[in-house]
Amino acid sequence: MSFLSIQGLHKSYGDTPIFSDINCTIEQGEFITLLGPSGCGKSTLLRCIAGLTSVNSGQILLDGHDLVPVAPQKRGIGMVFQSYALFPNMTVAENVGFGLRMQKIAKDESRQRVNEALTMVELQDFAERLPQQLSGGQCQRVALARSLVTRPRLLLLDEPLSALDARIRKHLREQIREIQQELNLTTIFVTHDQEEALVMSDRIFLMNAGKIVQSGDAETLYTAPVDNFAAGFIGNYNLIDAEVASQMLGQPIKRGVAIRPEAITIGTDGPIAATIRSHSLLGNVIRYRVDVSGVELLVDVLNRDANDLHSKGKPVTLSIDNSAILEVG
Amino acid sequence: MSRAEVGLIGGLYHRIVVWLLFLILLLPLAGTLLYSLSTSWSATILPDGLTFKWYLELWSDSRFLAAFGQSLIVCFGALALSVVLILPLLFVVHYYFPKLDSLMNILILLPFAIPPVVSSVGLLQVYGSGPLAMVGTPWILIGCYFTIALPFMYRAITNNLQAINLPDLMDAAHLLGASTWKAALFVVLPNLRKGLMVSLFLSFSFLFGEFVFANILVGTRYETLQVYLNNMRNSSGHFSSALVISYFFFVLLFTWAANHLNKDKS
């Protein structure tokens, strides 16, 4: 039996459905990401699991017990918010110890557990600071320590990295993943950033318009999107409709196709004639926008040598491996 | 002319304007202070002599002391009522019914929108007789002053609540095991201290100097400081000046103490 099982969960505000018929199972110790665009219902789903938002129908079974009728205080769930939600009147140590204080844990034990939690997030020297004296990254680490110190059965992370700058975000996501694996803590992470989802998760639930459209590990989601939305949301796929694709590829194609930008090769003797429209440098990758009979395609090429750079307007040819052409839509 | 010179002249000009304004505001107060300390001051540029006798006379007048005490009672009573009613109201509005905030913003304007003379006539009609006859007692002033304090307190604490992101703090506290009561007590209330103190002191200074409602609704039956000042208008001008200066000094002292107590501990 799965550790967390969500069955037929439905939530609407008045006549507006937020999500409907959500079904999924999560195993003990898994790191799950709810990925989707803004307004797809992922944060509301997370809040429903936490008990902060009520559901209209369905069950949330944690370790076999239905959480729906249980108050958030009694669910044994830790949560980290995008806004940190640190208590401004309390020091870092008091913030982290708040949950233990509510559980009436003895002071000595509480102090020790607060220390352990702060050490885990490398903030043991900041115990007496106030939240307003910390940077965004430090605040979020305090929030993480605060949610871990009560030893929750389930950890929920609601876009915890969205308000941070790129470098800190990268460091913190590694730290979160390390801690999660060390504690073998079942975690649900909400994000709209596909890179974060691909790097951190054991499994990803891709959501759109209140539905889970695809779930699986990062590789499955990246290499085998089930529909246009999944292909468009993950990996910058080139989405081409059936008619154009038939002409371009010189073979009959019944449905639209999705082609990853890195699966297209630029050369001089390929079957598809194209013209370079523009290029942009993404670090180790050069992203070209090429024109094929009026259709624009994205092509990613490894940035090996400056001499390889194709200039704007240059006629080139493209070749695409048949196995990289996915029929979707 | 160089930029530095222009800046210097501009700075000087600004400084002169500020000092002039300061002088204009201070001059009547300084004149009153000097008058309250003078033995007599009528046909000469400067007073004939200086004395504390008006202050001694004022502070040994039992009627003044009673009015002073009664003003304090009415103000503190109204502010206590405000705290007891407005804090829970604000919490409920902002946490459970945020849409009500726009309605509250209209409601809190009413005490300002209706002139005091008009509303006191209304209050006289309603509370002059019948089961709620309160005119002439401090109770009607406490109730009436509560409505005057409401806008100050509502706005100041609302700003404070918006700054702390109340819903997220409550959610975080709930998930850490706190009941709504405990979350409000340990997390929300300590963060409202600043807004609450500022609005209390602002309201106090305002209510302590209130005259129209006090005069019409209660008058001499429960004399407050401003009504007493009005009733003493025919006595010596030196005496009245000592009263005005004492009032200013008290409010100043109170505001200073409030600021001092309210200094950010961090």
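How many bridges join strand β9 of chain A to strand β10 of chain A, and do they run parallel or antiparallel?

1. Strands β9 (residues 203-208) and β10 (residues 211-216) of chain A are joined by five bridges and run antiparallel. Strands here are DSSP runs of E with at least two residues, helices are runs of H or I with at least four residues, and both are numbered from the N terminus; two strands pair if DSSP finds at least two bridges between them. The two strands make a hairpin with two residues between them, and A:A209 in the turn has a positive phi of about 45°. A:M207 stands opposite A:I212 in β10(A).

2. A word on the basis of these notes: this is a predicted model, in which local features need pLDDT of at least 70 and side-chain atom pairs count only at pLDDT 80 or more, while totals for chains, interfaces and linings use all residues. Residues are numbered from 1 along each chain as its sequence is written, and chains are lettered from A and ligands numbered from 1 in the order in which they are written.

3. Chain A also has an open sheet of four strands, in the order β2-β1-β4-β5, with antiparallel pairing. Its edges are β2 (16-26) and β5 (65-66) of chain A, each with a single partner strand, so one side of each has no neighbour in the sheet. Seven bridges join β1 (residues 4-13) of chain A to β2(A), and A:Y13 has A:T16 as its bridge partner in β2(A).

4. Helix α1 (residues 42-50) of chain A lies across β1, β2 and β4 (57-62) of chain A, at about 65° to β2(A). Axes are lines fitted to C-alpha atoms, for helices over the stretch in contact, with angles from 0 to 180 degrees between N-to-C directions.

5. In chain B, the axes of helices α7 (residues 138-163) and α10 (residues 193-208) come within 8 Å and cross at roughly 155°. That makes α7(B) roughly antiparallel to α10(B) (the term covers angles over 145 degrees). Among the residues making this contact are B:F152 of α7(B) and B:L202 of α10(B); residues are in contact if their C-beta atoms, placed from the backbone, lie within 7 Å.

6. Finally, the contact between the chains takes 19 residues from chain A and 17 residues from chain B. On the side of chain A that touches chain B, β6 (77-80) and α2 (92-102) of chain A are the elements giving two or more residues.

Methods:
Two residues are in contact if their C-beta atoms, placed from the backbone, lie within 7 Å. Angles under 35 degrees count as roughly parallel, over 145 as roughly antiparallel, 65 to 115 as roughly perpendicular and the rest as oblique.
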